[in-house]
Amino acid sequence: MSRIKSAFENRKAFIAFITCGDPDLETTAAAVRAAAENGADLIELGIPFSDPTAEGPVIQDANIRALSGGVTTDKIFDLVRELRQDVQTPFVFMTYANLIFSYGTERFLSACQDIGIDGLILPDLPFEEKDEFLPACRKYDVDLISLIAPTSADRIAMIAREADGFLYIVSSLGVTGMRNEIKTDLSSIVSVIRQNTSLPCAIGFGISTPEQGRAMAAVSDGAIVGSAIIKLLEKYGKDAPAHIGKYVRTMKEALRTA
């Protein structure tokens, strides 16, 4: 069983997002371990990029802080290599296509396989252009995770049929960030997905509270949280990992009752 599949096995998955290098890589390592130890079933590791078009102000600022601190892709690879000595939680990189093009697609994905990365999310990659990366992803056994948005409409079935790993459902129009309520008819999107693939699907964008997490997991296979975790890093800095662990534990408990 792949690590990504195991994240959803017989439970609702809680997926945590952490920007690598915010405020520094040592804190990132501690935050990842805290999330894993407190119930995160899968962890998205954000590789900072100068123009993160899918992100709201919270994660944009995290990218700026990380880049200003001198984080690089190679330093993040080293971080993951070190984390893999004791953390077996599935890891998925979330970044942008230009970063991988500039690094070299084959070189990037070969390194992902070497250090134990299980998947890749590229929010700026249109479904119709995924063949720019898909062959290399499959060559190096890295799942290219597809996103489905409220505007995907009649493309949902097509995306679902050709997906790998899991499907990332975007809860709302716009960028990442905490929302007071989520009004999208997500159950209809999930219904189409279920008709076209047996892969799990998780909902992200806008989720921050246990109640929201439980509601999203009730209609899908899991919930993804980013901005709420990054807000803890912004507020507490190097002391954030303990707060992140407590937050993840609370969210995971909520999902158990979904």
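Student: Where does Pro23 lie?

Tutor: Pro23 lies in the loop between strand 1 (13-19) and helix 2 (25-37); helices (H or I, at least four residues) and strands (E, at least two) are DSSP runs, numbered from the N terminus. This is a predicted model, in which local features need pLDDT of at least 70, side-chain atom pairs count only at pLDDT 80 or more, and totals for chains, interfaces and linings use all residues. Residues are numbered from 1 along each chain as its sequence is written, and side-chain values use heavy atoms, with hydrogens and water left out.

Student: Is Asn10 buried or exposed?

Tutor: Asn10 counts as exposed because its relative accessibility is 75%; buried means under 20% relative accessible area, exposed over 50%, partly exposed in between (1.4 Å probe, protein chains only). Asn10 sits in the loop between helix 1 (3-7) and strand 1. Phe205, in the loop between strand 7 (201-204) and helix 10 (210-219), is buried at 7%.

Student: How many disulfides are there?

Tutor: A disulfide is a covalent bond between the sulfur atoms of two cysteines. The rule asks for a pair of cysteine sulfur atoms within 2.5 Å, and the count is zero. For Cys20, the closest cysteine sulfur, in Cys112, is 11 Å away, too far for a bond. For Cys137, the closest is also in Cys112, at 8.0 Å, again too far.
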